[in-house]
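The sequence and structure come first.

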Amino acid sequence: MKPQNFVVINREIERRFVEEKKKNPDRFERKLSLSWSIWMFGTEPIEDSLRRLQNNGLEYVEIKGDTSISRERMKHALVSFGLRVSGACGMFSPERDLSSLNPDYQKNAIDYIREVSRYVSGIGGTYMIVVPGAVGRPKAVDNFEMERSAAALKKCAIIFEETGVKPAIEPIRSAEVSIVHTIDEALEYLRFVNEPSIGFVNGDIYHMLNGERHVGEAILKCGEKLLNLHIADSNRDAPGKGQIDIDTAIMAAYLVGMNREGRFITFEPLGPYPDPYVLSTGPCDVDLMDRLVRESVDYFREREEVVRSL
């Protein structure tokens with residue numbers, strides 16, 4: 001029987017993975033660096049969040065784009081639980097919007113990028129996720145949001161040069177944002193910005209499933225620009241709880257060098273909220289999050305071992 005189109009792509013990615021692994025085995029010795037985006041833990045103390053990650057053997061944490069915790073407290077907590085910061089997940093609301101027609105909202109976004117990038121640099125992180133449009137505002141106000149957002153982010157180039165923090169542009173599904181829904185659009189956006197210090201992508205396999213032809217193919221399209229890859233399944237639950245082919249995503253990640261130092265696989269299972277930021281301001285459901293972290297990490301590690309054995 002003739003295979004379905006997505007199966008053909010799956011098989012081609014597996015063929016490339018096995019072939020490259022035989023040809024250059026040294027490239028595949030290092031495992032993927034696993035991180036967790038903790039903003040979904042809501043308002044619980046940072047120490048409780050980091051303890052949860054430590055208990056599940058994680059090495060890195062992606063912090064919420066929030067500077068309310070002092071650097072001293074954050075550094076102390078990181079040392080106490082043996083964790084390092086991978087980067088920060090930027091929170092871009094309608095009042096903090098690079099693409100906005102309102103100059104105050106654009107300024108809010110630029111000031112926020114300055115504040116968070118300095119904070120991330122001060123605690124040893126390497127990247128900040130940037131969303132070109134506001135999350136929770138899926139309807140475009142006009143046809144020039146992409147250009148307006150790129151021009152605003154261009155003003156931030158000097159900030160990233162000074163801090164050394166790398167901005168990673170995240171494509172998000174059309175139910176949540178008005179612009180930049182696909183990897184192609186993210187790459188186009190980077191060309192609009194046209195700054196040496198702004199050249200990376202934050203992928204998300206859940207959003208890829210919604211906006212791309214094929215998750216693995218989208219990862220390969222990112223290539224060297226892929227700095228961080230968010231992991232959640234088709235229902236935005238833990239990996240293995242939905243229909244995304246996690247094995248193929250892992251193979252594609254290895255093929256673009258995501259197992260190199262300074263690149264990260266970051267869990268971000270949230271649930272299918274149109275505005276998932278609601279989780280960041282509420283109390284943490286401790287039992288749910290304990291289970292979510294445990295199941296996510298265990299399943300991903302199991303699948304990574306299967307892939308590495310090919």
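In this predicted model, the side chains of Thr 67 and Glu 115 form a polar contact of 2.4 Å. Thr 67 sits in the loop that links strand 2 to helix 3. Beyond its neighbours within four places in sequence, Thr 67 is in contact with Glu 115, Val 116 and Tyr 119. Is Thr 67 buried or partly exposed? Its relative accessible area is 22%, so Thr 67 counts as partly exposed, since buried means under 20%. Between Thr 67 and Cys 156 there are 18 Å from C-alpha to C-alpha, at a sequence separation of 89 residues.

Glu 176 also lies in a loop, the one between strand 5 (166–169) and helix 7 (183–193). Glu 176 has a relative accessibility of 1% and therefore counts as buried. Its side chain is joined to that of Arg 173 by a polar contact of 2.6 Å. Glu 176 and Gly 82 are 94 residues apart along the chain, and their C-alpha atoms are separated by 35 Å.

An unreviewed UniProt entry lists residues 51–248 as "domain: Xylose isomerase-like TIM barrel". In the model, this span is 41% helix and 15% strand, and its end C-alpha atoms are 31 Å apart.

Rolling a probe the size of a water molecule over the atoms shows where empty space is left. The table gives the volumes.

| Pocket | Volume |
|---|---|
| Largest pocket | about 290 Å³ |
| Second largest pocket | about 240 Å³ |

The lining of the largest pocket consists of 17 residues, and those nearest its centre are Gly 42, Glu 44, Lys 64, Asp 66 and Ile 69. At least two lining residues come from each of helix 2 (46–55), strand 2 (60–64) and helix 3 (71–80). By class, the lining of the largest pocket holds eight nonpolar, five polar and four charged residues.

In the second largest pocket, 13 residues form the lining, with Phe 6, Leu 209, His 214, Val 215 and Asp 245 closest to the centre. Which helices each supply at least two residues of this lining? They are helix 1 (5–23), helix 9 (215–222) and helix 10 (246–255). The lining of the second largest pocket divides into five nonpolar, five polar and three charged residues.

Note on methods:
Residues numbered from 1 in each chain as written. Predicted model: local features only at pLDDT ≥ 70, side-chain atom pairs only at ≥ 80, totals over all residues. Heavy atoms only, no water. 1 Å grid on protein atoms, 1.4 Å probe; cavity = no way out; pocket = protein on both sides within 12 Å on 5 of 7 lines; lining within 4 Å. Points joined across faces, edges and corners; volume = space filled by probe spheres on them. Helix = DSSP H or I, 4+ residues; strand = E, 2+ residues; numbered from the N terminus. Nonpolar A, V, L, I, M, F, W, Y, C, P; charged D, E, K, R; others polar. Buried < 20%, exposed > 50% of the residue type's maximum accessible area, 1.4 Å probe, protein only. Contact = heavy atoms within 4.5 Å. Polar contact = N/O pair within 3.5 Å; in protein donor to acceptor, adjacent residues only side chain to side chain. UniProt positions renumbered as here; feature names shortened; annotations may be inferred.
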